[in-house]
Amino acid sequence: MEFLVGNAKLKLIKGDITDVDADAIVNAANSTLLGGGGVDAAIHRKGGPKILEECKRMRATEWPDGLPTGCAVITSGGNLKARHVIHTVGPIWHGGFHEEAKLLKQAYRSSLKLAVANGLKTVAFPSISTGAYGYPVEEASRTAVDAVKDFLEKEDNLQKVIFVLFSERDFEVYLKAAKT
Ligand code: ADP
């Protein structure tokens with residue numbers, strides 16, 4: 001399913017983000033940048049050790065205390081089809097009154113800004129925070145879609161943003177958010 005937003009395409013697919021061919025895929029990382037479960041584990045498994053080495057180097061230099069929630073960093077894509085991985089940290093859901101929406105929006109915006117800063121044209125996102133971090137998918141989908149649409153309406157540099165949803169249900173929920 002594809003939508004036109006500004007001059008860019010917003011696309012939704014159901015699938016595995018580690019199979020997606022894009023300038024960058026986004027990793028729902030944790031602040032350690034040293035690996036986790038879910039999509040993070042899948043990316044490192046398929047991408048190989050180079051990605052983790054780059055993450056470790058960033059921890060040793062720029063982010064000794066870890067990457068704060070809402071921020072993003074970029075590495076190569078290792079053995080993935082995608083040329084780069086943008087690692088961002090979404091918020092942990094604590095009931096919805098702890099700036100979760102603001103931080104989730106920031107995670108999407110930081111990732112998109114970093115893509116533009118690196119001259120990238122196509123970026124794929126998973127559903128950040130809705131796995132281990134417990135963010136309800138309906139709420140997350142609205143914030144995610146709003147953040148991306150908002151960015152694409154103001155920025156001319158990206159060609160395509162893809163949401164890659166891992167389950168049929170998540171796909172349906174994001175589709176509903178994208179249509180409204
Ligand atoms: P978080 O800690 O940010 O919640 P998770 O990786 O636990 O991150 O989950 C985020 C979302 O990514 C969940 O919807 C999960 O089902 C999904 N996911 C897990 N593996 C993949 C994958 N290979 N491709 C796309 N999405 C995935």
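Predicted model: local features only at pLDDT ≥ 70, side-chain atom pairs only at ≥ 80, totals over all residues.

1. In what kind of contact do the side chains of D23 and R83 meet? They meet in a salt bridge, with N and O 2.9 Å apart, where the term stands for a side-chain nitrogen of Lys or Arg within 4 Å of a carboxyl oxygen of Asp or Glu. D23 lies in the loop between β2 and β3 and R83 in the loop between β4 and β5, so the pair ties together parts that are 60 residues apart in sequence.

2. Residues are numbered from 1 along each chain as its sequence is written, and side-chain values use heavy atoms, with hydrogens and water left out. Helices (H or I, at least four residues) and strands (E, at least two) are DSSP runs, numbered from the N terminus.

3. R83 also forms a salt bridge with D21, the closest N and O atoms being 2.6 Å apart. This pair, too, links distant parts of the chain, since D21 sits in the loop between β2 (8–14) and β3 (24–29) and R83 in the loop between β4 (72–76) and β5 (84–89), 62 residues apart. As for accessibility (buried means under 20% relative accessible area, exposed over 50%, partly exposed in between, with a 1.4 Å probe and protein chains only), D21 is exposed at 51%, R83 is partly exposed at 41%, and D23 is buried at 16%.

4. A further salt bridge joins R169 to E138, with the closest N and O atoms 2.9 Å apart. R169 belongs to helix α5 (residues 168–179) and E138 to helix α4 (residues 137–154), so the pair ties together parts 31 residues apart in sequence. Both are partly exposed, R169 with a relative accessible area of 47% and E138 with 34%. Through shared partners, salt bridges join D21, D23 and R83 into one network, and the count by this rule comes to eight salt bridges.

5. The sheet is open and has seven strands in the order β1-β2-β7-β6-β3-β5-β4, with mixed pairing; two strands pair if DSSP finds at least two bridges between them. Because β1 (2–5) and β4 stand at the edges with a single partner strand each, one side of each is left without a neighbour in the sheet. The twist averages 25 degrees from one strand to the next. β4 and β5 run antiparallel and are joined by five bridges, and I74 stands opposite I86 in β5.

6. Turning to the helices, α1 lies across β3 and β5, running at about 130 degrees to β3; axes are lines fitted to C-alpha atoms, for helices over the stretch in contact, and angles run from 0 to 180 degrees between N-to-C directions. Helix α3 (residues 100–117) packs on the sheet, touching β3, β4, β5, β6 (122–125) and β7 (160–165), and its direction makes about 150 degrees with that of β5.

7. The axes of α1 (residues 38–47) and α2 (residues 49–60) come within 6 Å and cross at roughly 120 degrees. In this contact (heavy atoms within 4.5 Å), I43, H44 and G47 in α1 meet P49, I51, L52 and C55 in α2.
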